Amino acid sequence: MQFDNSSRRALDPIETASIDELRDLQLIRMQWSIAHAYNNVPAYKKLCDEKGVHPYELKSLDDLKNFPFTTKAYLRDAYPFDSFAVPMN
């Protein structure tokens, strides 16, 4: 276990991770986020379908450039109900 010398608290493993470990974690989390949005947000699924991309195509962080990002126009058009990823309750 490593300690932060300024406060003598134990560091979480992610705080001492290598750049490769960080990128691996980022990719795993982005894969989950993109898949979750695609499967649960009708407006985002439509954006992906229009762009011809599917969540399984996200194999590296560089692949993010192929996916649509939300814009003001997207948020305006999807407001309010087409942008929910979870039930309102």
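The protein has a radius of gyration of 18 Å, whereas a compact globule of 89 residues would have one near 12 Å. This radius is taken over C-alpha atoms, and the globule rule is 2.2 Å times the number of residues to the power 0.38. Along the principal axes, the C-alpha atoms fill a box of roughly 50 × 30 × 20 Å. The model is predicted; local features need pLDDT of at least 70 and side-chain atom pairs count only at pLDDT 80 or more, while totals for chains, interfaces and linings use all residues. Residues are numbered from 1 along each chain as its sequence is written, and side-chain values use heavy atoms, with hydrogens and water left out.

Three helices and two strands are present. Their order along the sequence is β-β-α-α-α. Helices (H or I, at least four residues) and strands (E, at least two) are DSSP runs, numbered from the N terminus.

Of the 89 residues, 19% are buried, that is, under 20% relative accessible area with a 1.4 Å probe and protein chains only. The largest nonpolar core holds 14 residues. Such a core is a set of buried Ala, Val, Leu, Ile, Met, Phe, Trp, Tyr and Cys residues joined through side-chain atoms within 4.5 Å. Helices α1 (19-40), α2 (42-51) and α3 (72-78) each give two or more residues to this core. The largest share, four residues, comes from α1. Among the residues with the most contacts inside the core are Ile34, Tyr44, Cys48 and Phe67.

Cys48 touches Tyr38, Val53, Phe67 and Pro68, leaving aside residues up to four places away in sequence. Contact means heavy atoms within 4.5 Å. Among contacts between residues at least 6 apart in sequence, 42% join residues at least 24 apart.

Note on methods:
Buried < 20%, exposed > 50% of the residue type's maximum accessible area, 1.4 Å probe, protein only.
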